[in-house]
Amino acid sequence: MVAGLGDHFTELINMLLEQRKNRVKLDLAEVEDYIRNHYLEQISLEGIAAHFLVTKEHLSRAFKAATGDTVLDRITRLRMERAIELIAGRDMPIKEAAGLCGYEDLAYFYRVFKKHFGIPPGELRSEK
């Protein structure tokens, strides 16, 4: 049984290495799609790089060169766009909106929101 598992593990590693060899160029459109589909989850530069079988440094450089944004800036912008929709458009409690936007720490969400928009989320609601 152990030998069978070892053979299976070796086969999986070889398949991954072959996929990596066949990937000539990082497809940044795929990276963009991945970010758009997963930005509300707890994702990181390291996780995205692992998904695309590249180093985080390579992903970071290629993404910045192609888009002008860092990967984390893009994730933050998407999250903030969603947050403003939830808070202003739906009268959702700020704590709930923060959680739905991928922020478990409410204080951190407030800091990011204020940095991004120049006002805290509660002030946005009072201006409405």
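**The largest pocket and its surroundings**

Modeller: Start with the lining. The largest pocket is lined by 17 residues. Nearest its centre lie Leu 72, Thr 76, Tyr 103, Tyr 108 and Val 112. Keep in mind that this is a predicted model. The volume of the largest pocket is about 420 Å³.

What classes of residue make up the lining? The lining of the largest pocket has 7 charged, 6 nonpolar and 4 polar residues.

Now look at the helices. Helix H5 runs over 71-90 and helix H7 over 106-117, and each supplies at least two residues of the lining. The largest share comes from H5, with 6 residues.

How do H5 and H7 sit against each other? Their axes come within 11 Å and cross at roughly 95°. Angles from 65 to 115 degrees count as roughly perpendicular, so H5 and H7 are roughly perpendicular to each other. On the H5 side, the contact has Thr 76, Arg 77, Met 80, Ala 83, Ile 84 and Ile 87. On the H7 side, it has Phe 109, Val 112, Phe 113, His 116 and Phe 117. By class, the residues of this contact divide into 8 nonpolar, 2 polar and 1 charged. Two names come back here. Thr 76 and Val 112 are among the residues nearest the pocket centre, and both take part in the contact of H5 with H7.

Tyr 103 leads us to another residue. Leaving aside its neighbours within four places in sequence, Gln 42 is in contact with Tyr 103, and also with Arg 79, Gly 102 and Glu 104. Where is Gln 42? Look in the loop between H2 and helix H3 (45-51). Is Gln 42 buried or exposed? Its relative accessibility is 55%, so Gln 42 counts as exposed; the cut-off for exposed is over 50%. For a sense of distance, take Ile 84. Gln 42 and Ile 84 are 42 residues apart in sequence, and their C-alpha atoms are 19 Å apart in space.

Helix H2 covers residues 28-38 and helix H4 residues 56-67. They pack at an angle of about 95°, with axes 11 Å apart. H2 and H4 are therefore roughly perpendicular to each other. H2 brings Leu 28, Val 31, Glu 32 and Ile 35 to the contact. H4 brings Leu 59, Ala 62, Phe 63, Ala 66 and Thr 67. These residues divide into 7 nonpolar, 1 polar and 1 charged.

Methods. Residues numbered from 1 in each chain as written. Predicted model: local features only at pLDDT ≥ 70, side-chain atom pairs only at ≥ 80, totals over all residues. Heavy atoms only, no water. 1 Å grid on protein atoms, 1.4 Å probe; cavity = no way out; pocket = protein on both sides within 12 Å on 5 of 7 lines; lining within 4 Å. Points joined across faces, edges and corners; volume = space filled by probe spheres on them. Helix = DSSP H or I, 4+ residues; strand = E, 2+ residues; numbered from the N terminus. Nonpolar A, V, L, I, M, F, W, Y, C, P; charged D, E, K, R; others polar. Axes fitted to C-alpha atoms, helices over the stretch in contact; angles between N-to-C directions. Parallel < 35°, antiparallel > 145°, perpendicular 65-115°, else oblique. Contact = heavy atoms within 4.5 Å. Buried < 20%, exposed > 50% of the residue type's maximum accessible area, 1.4 Å probe, protein only.
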